[in-house]
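Please keep the sequence and the model at hand.

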Amino acid sequence: METKNDTLNSSNAKPKRTIMQIRKRTERIRLAIQAAFSILTNSYVVGFIRGTIYKGPLKQICVPGMNCYSCPGALGACPIGALQAVLNQSDYTKGVWTDQASGFTVTKPLYYFAFYVIGFIMLLGAVCGRFICAFLCPFGLIQDLLHKIPLPKKLKIKPGFKGDKQLRYLKYVILVVMVIVLPLLYAPDPFFCKYICPSGMLLGGIPLMTVGSLGGNIAAGTGVGITSWAEAGSTTWLKLSILAVTIILSIMMYRPFCKYICPLGAIYSFFNKVSLYRYSIDESKCTDCGACSKVCKMGVDMHKTPNSLECIRCGDCKAACPHQAICSGFKTIKRPAITEAEKYGQ
Amino acid sequence: MKKNSKTNSTYNHILDGKFRFVLPILLIVFAIGFIAYGIHDGEITAVFNKAINLCRECVGIG
Ligand code: SF4
Ligand code: SF4
Ligand code: SF4
């Protein structure tokens with residue numbers, strides 16, 4: 001178990017960093033990467049000033065994380081929004097219709113398979129799995145920052161509470177029902193965006209409606225803003241409530257949205273076991289002390305399941321391991337020495 | 001990749017051994033193919049049109 005005085009290499013005479021210092025440093029580096037990436041992909045400042053959104057060619061490209069394309073600063077497209085937009089084009093009532101422009105009868109597939117968006121998510125997933133969640137997602141960063149707000153210990157919820165394990169399956173249900181099945185059957189509603197996504201409300205709705213209300217908007221004929229609070233209706237209040245619950249829970253526990261709700265995290269999670277970038281345990285070094293499991297805020301037992309679906313590759317466990325038994329990267333995983341039991345097939 | 005109770009190992013002979021690189025590379029090749037087909041099929045236009053027009057559902061007014 002780590003203490004403040006644990007050192008990385010006790011036989012080394014040079015000044016040693018404590019495990020706490022290494023963990024702090026790892027966290028600072030991660031925070032800097034998250035902030036830099038989020039600022040870079042949301043740097044259309046004009047949008048924030050005028051209450052409008054970026055309309056340039058970069059919007060054809062998806063961003064890796066949950067980043068609403070209706071955020072005034074967003075330069076790219078949200079993969080989950082884009083996926084629903086393509087599936088929404090499906091028309092399950094007819095496969096043949098007359099093309100207005102040409103007058104010819106055209107046959108279109110009944111259901112669209114979103115090749116471009118799924119290919120994009122697959123590419124990122126196959127390269128780095130849920131590494132994206134820890135480093136490249138603005139909504140992950142927001143939850144990380146909210147969790148830094150101090151709260152009395154008894155109000156903090158640690159992973160592993162009753163029902164935690166079962167609730168983790170919810171994100172897969174949301175992915176199938178709200179992102180795939182309903183948008184495919186009941187076009188043109190992007191169900192997840194419309195009824196759940198707190199990221200869209202926080203990054204898109206609130207800034208756009210506020211700037212539009214304060215500085216004037218097109219609807220009222222008073223400015224350039226594209227919407228305002230005057231347009232708020234029942235779905236606005238529903239989504240605001242979901243956002244409020246997400247914010248409160250994020251202060252109380254680590255990344256509730258990522259653990260239980262996020263359909264994008266759910267997709268990336270499947271790639272953790274097969275992605276090029278992976279975690280592994282050097283079994284010649286691991287003593288099964290459990291220090292890695294203790295620090296993991298996602299509730300993963302790193303020394304037992306290094307490629308768990310829930311691991312976001314934040315690196316906290318790696319920094320906390322007193323024996324440097326956790327390896328991460330693209331290299332081949334070292335095969336442990338064959339034990340006597342294995343040798344004789346016991 | 002749970003620890004195998006018999007050998008107490010997290011090493012998976014298929015995913016970490018033989019297929020360590022085969023599976024992700026296959027997935028990457030498929031992914032690139034999907035992206036290329038999606039662009040060719042005009043799917044990127046659907047994404048672009050959605051992304052440059054205010055998504056009313058996203059911002060809670062749709
Ligand atoms: S789970 Fe979703 S919201 Fe959380 S970091 Fe991953 S992509 Fe972002
Ligand atoms: S990897 Fe092994 S040695 Fe390192 S902290 Fe985890 S249990 Fe302890
Ligand atoms: S297992 Fe390690 S890398 Fe994965 S989420 Fe937990 S602390 Fe982060």
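Ligand 2 has 13 residues around it, and C286(A), C289(A), G290(A), C292(A) and C321(A) come nearest; a residue counts as near if one of its heavy atoms lies within 4 Å of the ligand. The shell is made up of eight nonpolar, four polar and one charged residues. Here Ala, Val, Leu, Ile, Met, Phe, Trp, Tyr, Cys and Pro count as nonpolar, Asp, Glu, Lys and Arg as charged, and the others, Gly among them, as polar.

This is a predicted model, in which local features need pLDDT of at least 70 and side-chain atom pairs count only at pLDDT 80 or more, while totals for chains, interfaces and linings use all residues. Residues are numbered from 1 along each chain as its sequence is written, chains are lettered from A and ligands numbered from 1 in the order in which they are written, and side-chain values use heavy atoms, with hydrogens and water left out.

Chain A is divided into domain 1 (1-15 + 277-346) and domain 2 (42-96 + 108-270), with bounds from an automatic or database domain assignment. Twelve residues of domain 1 and 17 residues of domain 2 take part in the contact, meaning heavy atoms within 4.5 Å. Between them the two domains bury about 1300 Å², 62% of it on carbon and sulfur atoms; this is the accessible area (1.4 Å probe) that two parts lose on being put together, summed over both. On the domain 1 side, K297(A), L309(A) and I312(A) supply 44% of the area buried against domain 2, more than any other three residues.

On a 1 Å grid over the protein atoms alone, a cavity is a set of points where a 1.4 Å probe fits but cannot get out, and a pocket is an open set with protein on both sides within 12 Å along at least five of seven lines; lining residues have an atom within 4 Å of a point. Grid points are joined across faces, edges and corners, and a volume is the space filled by probe spheres set on the points.

The largest pocket has a volume of about 950 Å³. Its lining has 31 residues, with R23(A), H147(A), K158(A), V295(A) and K297(A) closest to the centre. By class, the lining holds eleven nonpolar, six polar and 14 charged residues.

The largest cavity has a volume of about 100 Å³. Of its 13 lining residues, C296(A), M302(A), C311(A), C314(A) and C317(A) lie nearest the centre.
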